[in-house]
Amino acid sequence: MAKPIPSPKGLPFVGNLFDLNDEVPTRALERLADQYGPIFKLCTLGRERIIVANHELFEELCDETRFCKATGGGLAALGSGGPKGLFTAPDEKHPDWTQAHRILMPAFGPLSVLSMFDEMLDIAEQLVLKFARLGPEYKIPVTDDFTRLTLDTIALCAMDFRFNSFYTDGTHPFVEAMSRTLAAGQARTRTPNIVQMFMFSANEQMRKDTEFQTGLAVEMVQHRRQNPTSKKDLLNTMIFGKDPKTGEGMRDELIAANMVTFLIAGHETTSGLLSFAFYNLLKNPDTYFKAQQEVDRVIGKGRITVDHLKDLHYINAVLRETLRLTPTAPGFTRRPRDENKEHPVTIGKGDYVLDKDASVLCLLSKIQKDPKVYGEDANDFRPERMLDEAFEKLPKSAWKPFGTGLRGCIGRPFAWQEALLVVAILLQKFNITMDDPSYELQIKSTLTIKPKDFYMRATLRPGITPTSLQQSLSAPSDETKARDSPEALENKEPKQAGRKLTILYGSNTGTCQALAQRLTSDARQHGYEATVADLDSAVDRLPKDQPVVILTASYEGEPTDNAAYFFAWLQSVTGDKKFDGVDFAVFGCGHSDWTATYQRIPTLIESLLESHGGTKYADRGCANAAQGDIFSDFDAWADHTFWPSLLSTFGSIVSNGDAAPPEPKVEMEISTNMRSSQLQQNVQQGTVVSAKILTSPSEPEKRHLEVELPKGTEYEAGDYLAVLPLNPDESVKRVLARYALPWDATVTVKSGGPVNLPENTPMSAFKLLEGFVELSMPATRKNIEACMNYTNQEGTKSTLSSLSGSEYHTIIDQRVSVLDLLDQYPSINLPFAEFLAMLPPMRLRHYSISSSPLCNPSTCIITYGVIDADSLSGQGRFVGVAGSYLSSLRKGDQIQVSVRKSNKSFHLPSDTDTPLIMFAAGTGLAPFRGFVQERASLLSTGRQLAPALLFVGCRSRTADRLYGEEFDKWAEAGAVDLRYAFSRESDASEGCKYVQDRMLKDKEDLVDLWDQGAKVFLCGSPGMVEGVRGGAFQLMKESKAQEGLEATREEAEAWLKGLRNERISVDVFA
């Protein structure tokens, strides 16, 4: 019996139009596919369309005996009136399409495309020279420059016409007209015909743009007829070719229509492919270096030739995988063939009935990520799955970015050769990095899709200069090899001890960056001129003429955003002499609660550098964030290990007798005449939608905040929202009072210090203290020792000496800040400049998102706690920085935010048949609210889901059961099975006080789901996670005992470690 095709409920007249309310329509369709499943139906403005979003149904639609391509609304709008190009013809029976197809097929054959290589190379080298001349300071607008490249390439190869896009400012008028036409075509698909009639201005603009494009094409045809050439290009083929079936030639109007088709289709999709390919390579730097190594192995340093392309197997796979994840034409439309005699026409093995005139959109952007074909990691970029042998084993129709059947893309061989060439030549000549390592993909859409606001930077590889590059592009390969030999690349400059120091950092939250700035200030006192940069900037450019120090963190065992490229490069290096002459030291930050990956990245960086010839001049230092004192750990390492080792190895240009006395690290002028504010962070403006308290007045405060995200921001349930907070007003006022500064005092920083402060920019002292520095961080030993220099009272000096020594644990345990010390010991006359220099820069705070984009993709919710209690130091109250800031926000307030991806394993499984087991306590419930909300949304559309079991720890049924009513409703709907543990009302939770107690009480249900292949998620404090770990060990012991065996703690830990980030995902917060 046929099944009804699910559909979201529509509104009168407009139907489901508002369900597609997204600047990227395919993104809205993907969300609907997530909700309604592999097939659903939409009715917009009286037009009904079916959408298919999985491989099984799609394979049926690719059966050319039953279905054929239908021209979608956008393409139909482009081809309205006049001759029909290959792109816009309604079907393969149309006489314009059949004639053009038969004449042009030979022109896109293998030999013809190979003959176009030299002209493709001509344009590619123009792009290379542009990047080389402008240098790494040029912020490459990726899609714009690739659009120039691909437009110039198709125009030169197909029509012997040069747009010269790299020699003119701006874009060619044809591109502007084409862009407007594509955008208008897409807009018309969402606009009623009757409304289109009254769009006078838009209609006139589209008429002008169409006439301009057609006119340019006609001019080219007429010019070629008047100036014939023997070149075997597409234009000559269309002008002089004859239809082998009828013997007739193409009329000029049809030639012009197809020229416009080639200029649009021949460059728009390829520029998108190249843009997405470089995004994927740079976001997954291990793949970038694999591709670059393939270029070095296959092509070397000589000039690229067409014969090289067939051996670029990995780059071939990169392009295939890119088009799988982000097909630039993200869908195409199929319909039943007129000659199809089925009655009724069905798909899904008879499950779904189609009308004879049904229009079915095949949503490639979902079909090609079907987990039943590509596995649980279907959303990940993994080119290996597309290498030749693996690619051939894919199911039929699993990869169709160029369409299918007779109406598949005729220019595929052309586009593929061009893309292989461009990727290879750029990797050969440049080291390419993201302008912003934390950039997450955003999409802009016309009839195709491309990355939005994506920028790169290109640095010539070692040994290549713009001049030598220009020479090498035309030089014989043996000359090129001689000029770019390894000997020519070696830096022979002798070491200059005690002059220069390179400090490289990897940092997501700003901690290691702050340490790098701290070291910069110290360097001046030791006679060194330090250069600070992120690790990614050092790829292939580690200096050999000066010592290097690397300060980096591990992020759940992975490198930070601005160190990922560097780390992948290190792992790709071969040979044991690569870093011969590199003198280095490493300091690592980590959190010991991630036991399996603690200090992983710093340790590997050190070992990789040593194994390839680098020399370590100081023992590696480490700081453990779990102990809460990273800055003191760093100071101790710097003072007692790093500087003594550096100075003994390289010396200093400052002798002990000449050493200048310590000076304030920040010079400034203070004025009370004006104030201004300026914030610096990689965040964008969001808007508060709602805010509310979730707990009763007697409980520690937990709150809910909904934020409208910056335009173009996307997220998944399980991701983080990064927030740039402000210090509480109370803390700022304490500083102003301590230094007797008026509320409107203005500060102008005259020279750089260890914090991110704009130089020579007047700003309000209040705003500076509020938003640029951390006021509540515990004082470091070095801070305390510095304070001793600014008091004359021996009693205070003695106390401070103890606090910086044996009693330092008091500072950490009671979170005593520098400000607390100044209030507690008034005799400390620490200058304001010195105080400011001690403070770390304001860090981003990360909060688990507690909502699902299926419910509202433009907003997200965070759930957080607020700390406002008597200070452990005895100095007033301790007010948590971020919680206080967030709790002060009201509807309509602005907030600086960005979405940060969580560990890729901490997301809902793509296969909805996978059961879930979740453990949470307190605000650790946040990500699971998003998970369960998404499951409830899916159930509301009729989807079938595997069971989900959620263990929640809180104090009371009524006081702090977060989102209790919502979860009860979701439980009634079958989205989750709730198991509570109330620590203060254990009678209400079957005698269970903590999560691990409830886990053991309900072990049969838990084990049953585990045996069904459940994925396990934990989110909470280290104590909760340790409790669950202990419960798991108890269950393992019981299971082994039933088999007559014993289980050791070590075996259990090894078992859990092996499943981490596979079946078990953990998010621990301090």
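Does Asp 22 count as buried or exposed, and at what relative accessibility? In this predicted model, Asp 22 has a relative accessibility of 10% and therefore counts as buried, the cut-off being under 20%. Its salt-bridge partner is Arg 31, with N and O atoms of the two side chains 3.1 Å apart. Arg 31 falls under the same cut-off: its relative accessibility is 16%, so this residue is also buried.

Side chains of opposite charge can pair when their charged atoms come close. The structure holds 72 salt bridges, and two further pairs show how such contacts can link separate elements of the chain.

One of these pairs is Asp 435 with Lys 139, where the closest N and O atoms are 3.8 Å apart. Asp 435 sits in the loop between strand 9 (430-434) and strand 10 (443-445), while Lys 139 sits in the loop between helix 6 (117-134) and strand 4 (140-141); the contact therefore ties together parts 296 residues apart in sequence. Asp 435 is partly exposed at 25% relative accessibility, and Lys 139 is partly exposed with a relative accessible area of 39%.

The other pair joins Lys 1003 and Glu 1038 through a salt bridge of 2.9 Å, N to O. Lys 1003 belongs to helix 38 (residues 1003-1011) and Glu 1038 to helix 39 (residues 1022-1042), so this pair ties together parts that are 35 residues apart in sequence. Lys 1003 counts as partly exposed at 31% relative accessibility, and Glu 1038 counts as partly exposed at 28%.

Salt bridges also link several residues into a network, made up of Asp 977, Arg 979, Glu 990, Arg 998, Lys 1001, Asp 1002 and Asp 1005.

Helix 35 is mostly covered, with 13 of its 15 residues buried. Just after the helix, Gly 942 takes a positive phi of about 100°.

The last stop is an annotated position. An unreviewed UniProt entry places the feature "binding site" at Cys 409. In the model, Cys 409 is found in the loop between helix 18 (388-392) and helix 19 (412-429). The relative accessible area of Cys 409 is 41%, so the residue is partly exposed.

Notes:
Residues numbered from 1 in each chain as written. Predicted model: local features only at pLDDT ≥ 70, side-chain atom pairs only at ≥ 80, totals over all residues. Heavy atoms only, no water. Buried < 20%, exposed > 50% of the residue type's maximum accessible area, 1.4 Å probe, protein only. Helix = DSSP H or I, 4+ residues; strand = E, 2+ residues; numbered from the N terminus. UniProt positions renumbered as here; feature names shortened; annotations may be inferred. Salt bridge = Lys/Arg side-chain N within 4 Å of Asp/Glu carboxyl O.
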